[in-house]
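Hi there,

Could you look it over when you have a moment?

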Amino acid sequence: MTHSLLSPTATLLVGSLRAAIAGGGDDEAVAARVARTLEGHLTDPFLLSAAQREPDPNAYRQHVLHVEPDGSFSVVALVWLPGQETCIHDHVSWCVVGTYVGEEEETTYRLRGDRLIPLRVNKTPEGVASYLVPPGDIHKVCNNSSSVAISIHVYGADVSILGTSIRRRYDQPVSGR
C-alpha cells in the first residue's frame, strides 16, 4: 500500500511505527513500544480520511491503511457499527489495538480442553492502545456502544498477503470459569 493513500498525519504515524519496530527485542517489547507510539497519534482528528471512516452495515469493516514494503507490519482501521463483533480468534503475530473513536470491548479467553473459559472483559476508550502477543491471545472484540467505534490496528504481519491477521477461529462452547 502506498503512502499516497495516507493523510500527512498517517504518514507520520507510519514513520513513527517503523522506528518503534526497528528498536528490536522480543515480540512483547516490540508490541509494547508500538502501543506507546500508536497512543501518541490516536487523538489526531486528521489521521483518517472520510472514506477510511466508512462502516459496513453487515459487519465491521477493515480499511488497510499501510503495509510495510518488507511485510514486517501492517496498519488497519476497523470501523464498527453498534453491535458488530469479531468471531473468537487468535492472531498470526503480535497485535496492537488503539481506539480512535468511541469505545471497544474485548473479551479474552483461555482454552481448557474443548471449552473456552472467559477470563476478563476490557473496555478500551478513545486514545488508549493495548497489545496482544501469541500464544494465549484468544479474544473477541465488539462494539457494545450505541455509536460508531473506530480502532487502529498494527499487526506484525503482512495483511495484504494473508488477507487477515487471524490465525485461528474458535467455535468451541464458552463456559464459566
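In these notes, buried means under 20% relative accessible area, exposed means over 50%, and partly exposed is anything in between, using a 1.4 Å probe and protein chains only. By that rule Trp80 is buried, at 0% relative accessibility, while Tyr60 is partly exposed because its relative accessible area is 27%.

Before going further, some ground rules. This is a predicted model, in which local features need pLDDT of at least 70, side-chain atom pairs count only at pLDDT 80 or more, and totals for chains, interfaces and linings use all residues. Residues are numbered from 1 along each chain as its sequence is written, and side-chain values use heavy atoms, with hydrogens and water left out.

**The aromatic pair**

Rings of Phe, Tyr and Trp (its six-membered ring) pair if their centres lie within 6.5 Å; planes under 30 degrees apart count as stacked, over 60 as edge-to-face and the rest as tilted. The ring centres of Tyr60 and Trp80 are 4.5 Å apart and their planes are at 25 degrees, so the pair is stacked. The pair links distant parts of the chain, 20 residues apart: Tyr60 is in the loop between α2 (27-39) and β1 (61-67), and Trp80 is in strand β2 (residues 74-80). Helices (H or I, at least four residues) and strands (E, at least two) are DSSP runs, numbered from the N terminus.

**Nonpolar cores**

A nonpolar core here is a set of buried Ala, Val, Leu, Ile, Met, Phe, Trp, Tyr and Cys residues joined through side-chain atoms within 4.5 Å. The largest one has 28 residues, and those touching the most other members are Val34, Leu38, Phe73, Trp94, Val96, Ile152 and Val154. Two or more residues come from each of α1 (8-22), α2, β2, β4 (95-101) and β9, with α1 giving the largest share, six residues. A second, separate core has ten residues, including Val97, Ala149, Tyr155 and Val159.

Which residues does Val154 contact, leaving aside its neighbours within four places in sequence? With contact meaning heavy atoms within 4.5 Å, they are Leu17, Val34, Leu38, Phe73, Ser74, Val75, Trp94, Cys95 and Val96.

Ala129 sits in strand β7 and is buried, with a relative accessible area of 14%. Not counting residues up to four places away in sequence, Ala129 touches Ala35, Leu38, Glu39, Leu42, Val96, Val97 and Gly98. Its C-alpha atom is separated by 9.4 Å from that of Ala32, 97 residues apart along the chain.

His41 is in the loop between α2 and β1 and is also buried, at 16% relative accessible area. Beyond its neighbours within four places in sequence, His41 is in contact with Thr9, Leu12, Leu13, Ser16 and Leu47.

**Pockets and a cavity**

On a 1 Å grid over the protein atoms alone, a cavity is a set of points where a 1.4 Å probe fits but cannot get out; a pocket is an open set with protein on both sides within 12 Å along at least five of seven lines; and lining residues have an atom within 4 Å of a point. Grid points are joined across faces, edges and corners, and a volume is the space filled by probe spheres set on the points.

- The largest pocket holds about 200 Å³ of space. It has 15 lining residues, with Thr108, Arg120, Tyr131, Leu132 and Gly136 closest to its centre. The largest share of this lining, four residues, comes from β6.
- The second largest pocket has a volume of about 170 Å³. It is lined by 15 residues, and nearest its centre lie Tyr60, Leu78, Thr86, Tyr155 and Ile166.
- One cavity of 30 Å³ or more turns up in a search of the whole structure, and the largest cavity contains about 100 Å³ of space. Its lining includes Glu104, Glu105, Glu106 and His139, and β4, β5, β7 and β8 each give two or more residues.

**A cis peptide bond**

Most peptide bonds are trans. Here, a cis peptide bond joins Pro134 and Pro135, with omega about -5 degrees. Pro135 is in the loop between β7 (129-132) and β8 (139-142).

Best wishes
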